[in-house]
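Student: I am new to this structure. Please show me how to read its features one by one.

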Amino acid sequence: MLFTENKPFDEVLESLGNDKNIFLLACNGCAETCETGGEKALSTLRTELKKAGRKVTDTCLVDFLCNKILVATRLARHMEQIQQSDSVLALTCGIGVQAVAKVVNKLVRPADNTISLGGLQGLWPSEERCEACGDCVLDYTGGLCPLTSCAKGLLNGPCGGAQDGKCEVDSEKDCGWLKIYERLEKLERLDNLKKFQKARDHSKMMPSADLRKTLFYDLER
Amino acid sequence: MKLIDRFKQGKCVLTCEAGPPKGIEIAQLIAELEPLRPKIDAFNVTDLQSSVLRVGSLAVCRILSEKGLEPVMQLTCRDRNRLALQSDVLNAAVLGIKNLLCLTGDHPKLGDHPQAMPVFDLDSVQLLSAVKNLTKGKDMAGNDLEGRPPEFCLGAVVNPGADPLEPQILKMEKKIQAGAEFFQTQAVYELKKFAGFMGRVKHFNVPVMAGIVLLKSPAMAKFMNANVAGIHVPDEIINELASVPKDKRVHKSLEIAARLIRELKGLCQGIHIMSLGWERHIPTVLEMAGL
Ligand code: SF4
Ligand code: SF4
């Protein structure tokens, strides 16, 4: 199982910027068990967003947001609302957000922080990678993880080393930052890249003592 | 002297790269740099360039400054976490170093210790911001430094030949906001492209020094085209170098570099020469360029 915790609501609100119309998405898998996804967390977040003056265009609960085929099938009938929304906000782990970003042509933002992966890259592992940094920045990058897709885990944009779109350490591997750039350009969100990203807080990678005491954590470790 | 004061004087600022040796005998390096004293404003000492183990930047910078040669200390994010980086910044201040060039650094996989742990606790923008904060008397954790804070002129790099260019410019802007006061670029061979780049960044009002790499042979040019990001030596230049017999190559190479410098100096605020072991030829190049 993958462990997540809700991002503080203030942070979520700040990440939304001027976006008014939000499509809410929640994972009904691991995040449900952590109570950071599922029906309950979805309705709490919906209420909070409304209170903060944002419009929730629609919501959708999907069993495993890490499963792209499932996501595509479940979201098919919501595509119109998604396109009419300013962005998608997802209660799920880093893998879930990245998977949804591959399926929808909209900015997808995380409402949770991933703090432990239990040795898995999603319950339906595919090419998305998360290293459970505990402070998810996928809202800023448009749903591509800079920590796992950039060989140096850079947060403020590409180094000068990419050659023909490939990373300086591996000519077979795409430069993660050029992918992020292309994605944000497509979503017309290049302004995102002007935001200074402060240095990571590595202490957020440590699961809390409370979490380490839970049975789930023990079982999945 | 802080490099920024040289820019303020309005002259074309000249710097030259100094690569410390792999071993402790640095007399030769100093001997090669010494004759450049009258012409070169500052010597930019690399920090384990290309991720190859060598003498460090700090030690060489200190020796240069003892000899009255102005150093610029390069500082990369590759090998040190934020504690060690901030400490080395304080070390530099204590040792009298006034110019810092903050870079991401090459990945260790490209060097002679590919097994090493890549650190990158900070990126270049965060490093600039951390140093800027130290100059205001605060460390990254928000703690106060005791006494007088360190003072630095901060530099950064940008790659005008990168494709696409836009991400480089976005990052350049962030570097300026974080504290960068001047930029040096990757080697430039295409004037038109460089002029276009300068047009895009003019409104930042920050001095830019164009990079010059002396071409030792047509093979080196072709190698850089294939392997070094953002460098493109046009065919005309490669052919020009190849057109002369081998014993005239050095002269031709210097002629090409001098021509580039003559043309580039009107487009930007300074020239940064990376001579890669050809330090002894720099005076001739500068003379040919009329500097
Ligand atoms: S930024 Fe990357 S590593 Fe951090 S939680 Fe998000 S997906 Fe995972
Ligand atoms: S080339 Fe791209 S992916 Fe590779 S280290 Fe640089 S920014 Fe990261």
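Tutor: Start with a term: a residue is near a molecule or strand if one of its heavy atoms lies within 4 Å of it. By that rule, ligand 1 is surrounded by residues including A:Cys130, A:Cys133, A:Cys136 and A:Cys145. A:Gly94, A:Gln98, A:Thr114 and A:Glu131 are also among the residues around ligand 1. This is a predicted model, in which local features need pLDDT of at least 70, side-chain atom pairs count only at pLDDT 80 or more, and totals for chains, interfaces and linings use all residues. Residues are numbered from 1 along each chain as its sequence is written, chains are lettered from A and ligands numbered from 1 in the order in which they are written, and side-chain values use heavy atoms, with hydrogens and water left out.

Student: How many nonpolar, polar and charged residues are in the shell around ligand 1?

Tutor: Ala, Val, Leu, Ile, Met, Phe, Trp, Tyr, Cys and Pro count as nonpolar, Asp, Glu, Lys and Arg as charged, and the others, Gly among them, as polar. The shell around ligand 1 has eight nonpolar residues, three polar and one charged.

Student: Which residues surround ligand 2?

Tutor: Among them are A:Cys150, A:Cys159, A:Cys167 and A:Cys175, along with A:Lys152, A:Glu168 and A:Trp177. This shell divides into eight nonpolar, two polar and two charged residues.

Student: What space lies in the largest pocket?

Tutor: On a 1 Å grid over the protein atoms alone, a pocket is an open set of points where a 1.4 Å probe fits, with protein on both sides within 12 Å along at least five of seven lines; lining residues have an atom within 4 Å of a point. Grid points are joined across faces, edges and corners, and a volume is the space filled by probe spheres set on the points. Here the largest pocket holds about 1300 Å³. Its lining has 47 residues, and A:Gly160, A:Glu168, B:Asp106, B:Gln186 and B:Val228 are the closest to its centre.

Student: Which element gives the largest share of that lining?

Tutor: Helices (H or I, at least four residues) and strands (E, at least two) are DSSP runs, numbered from the N terminus. H8(B) gives the largest share, five residues.
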